[in-house]
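Please keep the sequence and the structure in view while reading.

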Amino acid sequence: MSDTHLRDVGFIGFGIMGRGMVRNLIAAGHAVTMWNRTTRPVPEGLESCTVAPSIAAAVAGKPIVVVCLTGPDAQRDTLLGDDGVFAHAAAGTLIADATTTDPTLTLELAEAASARGLRYLDTPVFGSKNEAWEGKLDFVCGGERADYDAALPVLQTMAATVHYMGGPSKGAAAKLVGNLLVAAQMVSLGEALAMAKKAGLESEALMGYLDVTDFSSGLIRGVGRASLAGDFSPHFYLKHMLKDARLIGAYARALGVATPSTAVTAELYQGAVNKGLGDLNASALHKLLFELSGT
């Protein structure tokens, strides 16, 4: 399957991440037909994409369909439903599913796709709004190697890096491993910032050394200043981080892996959602931690 053959792309899911991914597909010369479960305006610069009135119209005749949904429930409805992607995509269509989800469901989706003559890859991504917009996402992929090789030129248009992790569901599993680290670091950063605020440390002086120490990270550098400034505008919704924490816990239990700190992390995110912070950035957990610390 040639790169030229994959120039016509169907895209399912036009949220915070999907809009940036579509932008880079267009910039790379792909013709994109997109569909979203709810009506969303097309951002400036993406007018060349075609907004389809239905899933059927979005996937009709497309050699590759990229999917980016909110989680398992959306996947079941959008992919497996009677009017879903699997029902309408032509045999041989390559489906690259960037949804963060349950690896057990991923196996079910791969089997269901195969039964319909479709080619299915789990291709979840690391990154948020800015990385999606700038084409700097990191993909972790599971599925048949030949399907991965065929999809790679398309994935690379949206990516800083692309990694093949193995057979079906291995990309989904790798994503949960990474998100465990992200969620844990978000909690520890919030606790550290709360301590710094309570100690009266000046924000720029604090970040000046947190930027450069050997324990620094992209998350610390990217989130620290914003949280200290009270900027929690959404790049990745907090409610989705809660969903991911729950997925990590369930998958760990299925594997028999002890993840006690992740259980606490999930409860903290649940508390933040209960406080009405779910539609803010995932870093809005820090608002809760600051409040608990009396800052």
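## A histidine and its contacts

The side chain of H286 comes to 2.8 Å from the backbone oxygen of M186, a polar contact (a pair of N or O atoms within 3.5 Å; within protein, one must be able to donate a hydrogen and the other to accept it, and residues adjacent in sequence count only if both atoms are side-chain atoms). H286 belongs to helix 13, residues 285-292. Helices here are DSSP runs of H or I with at least four residues, strands are runs of E with at least two, and both are numbered from the N terminus.

H286 counts as buried because its relative accessibility is 0%; buried means under 20% relative accessible area, with a 1.4 Å probe and protein chains only. Leaving out residues up to four places away in sequence, H286 touches M186, L189, G190, L193, V223, S227 and F232, where contact means heavy atoms within 4.5 Å.

## Basis of the values

This is a predicted model, in which local features need pLDDT of at least 70 and side-chain atom pairs count only at pLDDT 80 or more, while totals for chains, interfaces and linings use all residues. Residues are numbered from 1 along each chain as its sequence is written, and side-chain values use heavy atoms, with hydrogens and water left out.

## The pockets

A pocket is an open set of points on a 1 Å grid over the protein atoms alone, with protein on both sides within 12 Å along at least five of seven lines; lining residues have an atom within 4 Å of a point. The largest pocket has a volume of about 1,300 Å³, volume being the space filled by probe spheres set on the points, which are joined across faces, edges and corners. Its lining has 50 residues, and M17, G127, S128, H235 and F236 lie nearest its centre. The lining divides into 19 nonpolar, 21 polar and ten charged residues. Nonpolar covers Ala, Val, Leu, Ile, Met, Phe, Trp, Tyr, Cys and Pro, charged covers Asp, Glu, Lys and Arg, and polar covers the others, Gly among them.

The second largest pocket holds about 170 Å³ of space. Among its 13 lining residues, L189, A192, L193, Y209 and L210 are the closest to its centre. Helix 8 gives the largest share of this lining, seven residues. Eleven of the lining residues are nonpolar, two are polar and none is charged.

## The cavity

The whole structure has one cavity of 30 Å³ or more; in a cavity a 1.4 Å probe fits but cannot get out. L180, A183, A184, S261, T262 and T265 line the largest cavity. Helix 8 (170-199) and helix 12 (260-274) each give two or more residues to that lining.

How values were computed
Buried < 20%, exposed > 50% of the residue type's maximum accessible area, 1.4 Å probe, protein only.
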